[in-house]
Number of protein chains: 2
Amino acid sequence: MSSIKEVAKQANVSVATVSRVLNNDPVVKPATKNKVLRVIKEMNYKPNMLAKNLRKQASRTIVMVLPSMSNPYFSEIARGAQAAAYDNAYNIIIGTIESKRWILDTYINMLKTNLAEGIVFVSSSVNKELLEELMDEYKIVLCTEYYPGINATCVAIDNKRAGYEATKELIRRGCSHIAYITGNRESSSVTARIEGYKEALKEAGIPYRPDRIAGAKNRFDHVKEAVNGIIGQGLPIDGIITHSDLQASYILKGIKEKSIALPERVGMISFDGTFLAEITNPTITTIVQPLYDLGYTSVHKLILKLVNESAEAGEEEGLVLLPHHMVIRET
Amino acid sequence: MSSIKEVAKQANVSVATVSRVLNNDPVVKPATKNKVLRVIKEMNYKPNMLAKNLRKQASRTIVMVLPSMSNPYFSEIARGAQAAAYDNAYNIIIGTIESKRWILDTYINMLKTNLAEGIVFVSSSVNKELLEELMDEYKIVLCTEYYPGINATCVAIDNKRAGYEATKELIRRGCSHIAYITGNRESSSVTARIEGYKEALKEAGIPYRPDRIAGAKNRFDHVKEAVNGIIGQGLPIDGIITHSDLQASYILKGIKEKSIALPERVGMISFDGTFLAEITNPTITTIVQPLYDLGYTSVHKLILKLVNESAEAGEEEGLVLLPHHMVIRET
DNA sequence: GCTCCGAGTGTAATCGATTACAAAATGATG
DNA sequence: CATCATTTTGTAATCGATTACACTCGGAGC
């Protein structure tokens, strides 16, 4: 493995000059530069980033933590994140924690040990306590979640409004017994959407019933239990809002195999807008989130924070809302 | 940011001793060790990995390159890969190239610049030429593909046998006009499956027709065109094998929206065994690949190669076959 | 009491780059 | 041609860890 020293010797210059050539320092004389470049090519030299990173005290690497990978929702966010990292010549490590807390620690350790310069937490990959512990020392962006009072940029959609719009649409169709299958009840996106849901109900004069809301993970059995739990209380359902396309697809599956006692033509609106909503039968009406952009923007904002380290003050913090829209399909 | 030097000063020992404590060197006297550990905790010291990496000339990082992320197929492989990396205390960078060659270069550069110690190429994320260029200098594992003559471990299923079995099943059901929608025709998994397909046809005395085979990417329009291309030649189809669950789901979608002129009850067998095959309507019969294990094993093998650098000789190279199985569903 | 040995610790080189500062080369000017 | 300003290049410190080697110190053996 050739080092800068060998290149310097071969080119008959000092390591400093080679370094300057590598970094495009305009002070080097063109002739020297060419000579060095020739040697670099001849020797097939590549700078050792480990050395560079140490010297510069910067890894040019960030981390994005996802709850899981098995939902296309996250893949799309990750895709945007990778693009943003690439565009800014940063490396990005995308990690999933699969609800194992100790795995989260490995990613946070990358921050603590200088391997990573900043981190994006997507969805409920982190809780508020941990966040408060980290927010003063490290550069953090939250993607699709919003914790007021946290010293971190948050990138998300207007979940309250989206929840409102979804509910409104079902009401418009004549639904008045609308169930809500949520995700993790502690997540801010969930509570915001429910606020919108309540508001729409109120506006329509439909009484709000908390027992029409049930949380479920993105697993078939969870979703089935959640829906059947509501039905089991003797509550009629003529419309459903789900937290994700995946949940909605599971409901369709349950209806079809008759493990969920709902009519095939139930009005249903899901969140996310992944391709899943298009390949089910019937296809699913969804609130489309700008997933790619959410990922892209999160990373972009994080990198801005890293670069503007000088502009210390937390003026830039806050909430960034990206637009969503509804796509009406068969459900 | 506290460094080892400050810890040493605070604990009244040399940096060497602190380093020994950090690395659990048994020579340090227990009393000293405790003293140092106390200071480390007090100062909330974390070793700087950038320095460690440089000194040890090892990043403990590997790369896994995926063609894309939007197929749950890849997510599942990535999940296994992450687990293997975690189990071996390696970092893993999972990157997708989205068929942009220049993005692939960034990942390969991580190898060349010492940021990564090895790489796993999944599916057709790399071509044979590039592979031949890299194989002598770097540690490489291929996942789900197999190039004979390449100095890299390959982890995959027995694609020929799987293709044979899928075809056989359709023949058993009485199909005799079996179309094959493949992926990238240059990939070894595709050609191996087709071999199996041919073999099963031959065995059943059904003539093989190359024009019943068409390649398609994992996009609705591609798949639709491929299928309609075969139909358009006037060739009847009473059975279909697809390269992926995703393709199969698109075919169902096309049938339903009548943009693909096939009966709803067409016999279809796809490859992969992702959750997609369960949420479609009808559900899809698939050859289930051990995706998680494919990812896990690939990374595990790579790390073994890295650790056994001493055992230079390429004795360990070769093909690792993991078992697959068929799950019969509604198609 | 002296030598020797091993346990425990410290000193300093090293990994491969960047960069402040010093020094040399170049060129302009009178 | 001497002087000085400006380019261009080189020297050496530095980032923060690891580790070969040297050293100290106490006790065992004679």
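A residue counts as near a molecule or strand if one of its heavy atoms lies within 4 Å of it. With that in hand, welcome to a predicted model in which local features need pLDDT of at least 70 and side-chain atom pairs count only at pLDDT 80 or more, while totals for chains, interfaces and linings use all residues; side-chain values use heavy atoms, with hydrogens and water left out. Residues are numbered from 1 along each chain as its sequence is written, and chains are lettered from A and ligands numbered from 1 in the order in which they are written. Of the 27 residues around DNA strand D, the nearest are Arg20(A), Thr32(A), Ile4(B), Ser19(B) and Arg55(B).

**Around DNA strand D**

- Sugar or phosphate holds 59% of the atoms of DNA strand D within 4 Å of the protein, and bases hold the rest.
- Polar contacts here are pairs of N or O atoms within 3.5 Å; within protein, one atom must be able to donate a hydrogen and the other to accept it, and residues adjacent in sequence count only if both atoms are side-chain atoms.
- H2 and H4 of chain A, together with H2 and H4 of chain B, are the elements that give two or more residues to the surface near DNA strand D.
- Helices (H or I, at least four residues) and strands (E, at least two) are DSSP runs, numbered from the N terminus.
- By class, this surface has 11 nonpolar, nine polar and seven charged residues.
- In that count, Ala, Val, Leu, Ile, Met, Phe, Trp, Tyr, Cys and Pro are nonpolar, Asp, Glu, Lys and Arg are charged, and the others, Gly among them, are polar.

**Around DNA strand C**

- DNA strand C is surrounded by 27 residues, the closest being Ile4(A), Ser19(A), Arg55(A), Arg20(B) and Thr32(B).
- Of the atoms of DNA strand C that come within 4 Å of the protein, sugar and phosphate account for 60%.
- Polar backbone atoms approach phosphate oxygens of DNA strand C at 2.7 Å in Asn48(A) and at 3.4 Å in Val27(B).
- Arg55(B) has a polar side-chain atom 2.6 Å from a base oxygen of DNA strand C.
- Helices H2 (15-22) and H4 (49-56) of chain A, and helices H2 (15-22) and H4 (49-56) of chain B, each supply at least two residues of the surface near DNA strand C.

- Asn48(A) caps the N-terminal end of H4(A), with a side-chain oxygen 2.8 Å from the backbone nitrogen of Leu50(A).
- Just after H4(A) comes Gln57(A), which takes a positive phi of about 50 degrees.
- Gln57(A) sits in the loop between H4 and strand E1 (61-66) of chain A.

**Chain A as a whole**

- Chain A has 13 helices and 12 strands.
- Its radius of gyration is 25 Å, well over the 20 Å that the globule rule gives for 331 residues, so chain A is more spread out than a compact globule.
- That radius is taken over C-alpha atoms, and the globule rule is 2.2 Å times the number of residues to the power 0.38.
- The C-alpha trace of chain A spans about 85 × 40 × 35 Å along its principal axes.

**The sheet of chain A**

- Six strands form an open sheet in the order E7-E6-E8-E9-E10-E12 (chain A), with mixed pairing.
- Strands E7 (213-215) and E12 (325-327) of chain A stand at the edges with a single partner strand each, so one side of each is left without a neighbour in the sheet.
- Two strands pair if DSSP finds at least two bridges between them.
- Strands E8 (residues 239-242) and E9 (residues 267-272) of chain A run parallel and are joined by three bridges; Ile241(A) has Ile269(A) in E9(A) as its bridge partner.

**The sheet of chain B**

- Chain B has an open sheet of six strands in the order E7-E6-E8-E9-E10-E12, with mixed pairing.
- Strand E10 (residues 285-288) of chain B pairs with E12(B) in the antiparallel sense over three bridges, and Ile287(B) stands opposite Met326(B) in E12(B).

**Cis peptide bonds**

- A cis peptide bond joins Asn281(A) and Pro282(A), with omega about 5 degrees; Pro282(A) lies in the loop between helix H12 (276-279) and E10 of chain A.
- In chain B, the peptide bond from Asn281(B) to Pro282(B) is cis, with omega near 5 degrees.
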